[in-house]
Amino acid sequence: MALSLVSPAIGVDDPGNLRRGFRGFCCRAYGNGDGNGDVDGVFPSFLPKQVEKIKDPLARSLAQRIQRLPVQFGASGNCIMSSCVKPVIRNNSNPVVLLHCFDSSCLEWRCTYPLLEEAGLEAWAVDVLGWGFSDLERLPPCDVASKRHHLYQLWKSHIKRPVILVGPSLGAAVAIDFAVNYPEATRVEKLVLIGASVYAEGTGNLSRLARPLAYAAVSLLRSFPLRLCSNLLTYKSLSLAMSLDCTNVGLLHCLLPWWKDATVNFMISGGYNVITQIKQILRCLLKKEGLLLRAISENIMAAQEISLKLDSKILSVKQKTLVIWGEHDQIVSNKVAMRLQHELQDAIMHQIPDCGHLPHIEKPNSVAKLIADFGRGDRCQEVHFNHFKPVKRPNFVIESIADLN
């Protein structure tokens, strides 16, 4: 099926037809987000009232579909009402589960989600615990282990089938962490990593900040000027008006009363550090192929201590992985894509031309087609390393800050 829709957030062929068709279809099916259906134009009551100020019709349409589903969490058996966008389409193929970037929400998929549905895919856009629009009035831990467990419980309760797990930027670390810790084929069939930020070793020195300083640092993340500047770095080309609206979309979840506590909790916990897991995968593969000594001699693991203890879980990580990168990504170097393709067991890479850090927002047609073809098993054209033109990253860019979309 041809994918012809274009996001009005980036460039619209005919936004009127898209708004009338997609929004009407979505609202008739899911209404105000509680699954009961409602009239066109009604947002879920749990969203901040500032959602009314958003102009992007795709963002408005997807926001109207957000629901909260009960997810059991913790030994006490309490449920977290967890926000996500459920699929209208149900079929026999494995569903696509869409994660989001650092400190973002499922609205990040506003441009690509309708295209995936048009392609006939069953797609879930889920909010990672601590971000998005879940009800966290009784704040749970929001560290990496808790985020992973919450995602597993959501899968176990509501999806229940092998999935294609898609993670952009820091969401790629979330996806790898989940796949490594739940390696059974019943959870993750394939991985899609977009502009992957996976080699940063957690939150670094921020994890050692005193709480008052941590709260002050997190407060900056809610700054409109900071978010606006991050958009200017994140996208290859975006008008000021579009940047302003994207900033409002990216700030929406920050207006919930528990956002600051949840983000501080994550920050002081140390954040994601999947480098070790990737190295374990690489070492396991090298040993399996009898190439360990050669690898060391070629400095593939230079300056890194090689643990003699193999994690048995790594042996079962065999997911085929699609690595997607924007040609003009100024946030995460495209050398990371090359490194990922080398170090993951079964990975192919595709570069999207004339695109920045978040292709699923800036080039939704390309990303939707790649995911659809990859999900169906069609061969994606692989990009060879010599096709890359290195992009110089600004020295002052912090990867996680640039995820604020």
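**Stop 1: a hairpin**

Select β1 and β2: they form a hairpin with six residues between them, and glycine 74 in the turn has a positive phi of about 90 degrees. Helices here are DSSP runs (H or I, at least four residues), and strands are DSSP runs too (E, at least two), numbered from the N terminus. You are looking at a predicted model, in which local features need pLDDT of at least 70 and side-chain atom pairs count only at pLDDT 80 or more, while totals for chains, interfaces and linings use all residues. Residues are numbered from 1 along each chain as its sequence is written, and side-chain values use heavy atoms, with hydrogens and water left out.

Two strands pair if DSSP finds at least two bridges between them. Select arginine 68 and then serine 83, its bridge partner in β2.

Cysteine 84 has valine 126 in β4 as its bridge partner.

How many residues of strand β2 are buried? Five of the seven in 79-85 are, so β2 is largely enclosed by the rest of the structure. Buried means under 20% relative accessible area, exposed over 50%, and partly exposed in between (1.4 Å probe, protein chains only).

**Stop 2: a covered helix**

Select residues 57-65. This is helix α2, and nine of its nine residues are buried. Among them are Pro57, Arg60, Gln64 and Arg65.

What caps the N-terminal end of α2? Aspartate 56 does, with a side-chain oxygen 3.0 Å from the backbone nitrogen of leucine 58.

**Stop 3: aromatic rings**

Show the rings of Phe, Tyr and Trp. A pair of aromatic rings is described by the distance of the centres and the angle of the planes. Rings pair here if their centres lie within 6.5 Å, using the six-membered ring of Trp; planes under 30 degrees apart count as stacked, over 60 as edge-to-face and the rest as tilted. By this rule there are four aromatic pairs. Phenylalanine 102 and tryptophan 131 have ring centres 5.3 Å apart and planes at 70 degrees, so they are edge-to-face. Follow the chain between them: phenylalanine 102 is in the loop between β3 (96-98) and α3 (113-118), and tryptophan 131 is in the loop between β4 (123-126) and α4 (144-159), 29 residues apart. Both phenylalanine 102 and tryptophan 131 are buried.

A charge sits over a ring if NZ of Lys or CZ of Arg is within 6 Å of the ring centre and within 35 degrees of the ring normal. Jump to lysine 190 for another case: its charged end is over the ring of phenylalanine 374, 4.9 Å from the centre.

Next, select Tyr152, Trp155, Phe178 and Tyr182. Ring pairs link these four into a cluster.

**Stop 4: a buried serine**

Select serine 146, in helix α4. Serine 146 is buried, with a relative accessible area of 10%. Its side chain makes a polar contact of 2.6 Å with that of aspartate 143. A polar contact is a pair of N or O atoms within 3.5 Å; within protein, one must be able to donate a hydrogen and the other to accept it, and residues adjacent in sequence count only if both atoms are side-chain atoms.

**Stop 5: a buried glutamate**

Select glutamate 108, in the loop between β3 and α3. Is glutamate 108 buried or exposed? At 1% relative accessibility, glutamate 108 is buried. Its side chain has a polar contact of 2.7 Å with that of serine 104. Another, of 2.8 Å, joins the side chains of glutamate 108 and histidine 360.

**Stop 6: cysteines**

Finish with the sulfurs. A disulfide is a pair of cysteine sulfur atoms within 2.5 Å. The whole structure has zero disulfides. Cysteine 106 is in none, and the nearest cysteine sulfur, in cysteine 84, is 7.5 Å away. Cysteine 106 is buried, at 1% relative accessible area. Now select cysteine 246: the closest cysteine sulfur, in cysteine 111, is 7.1 Å away, too far for a bond.
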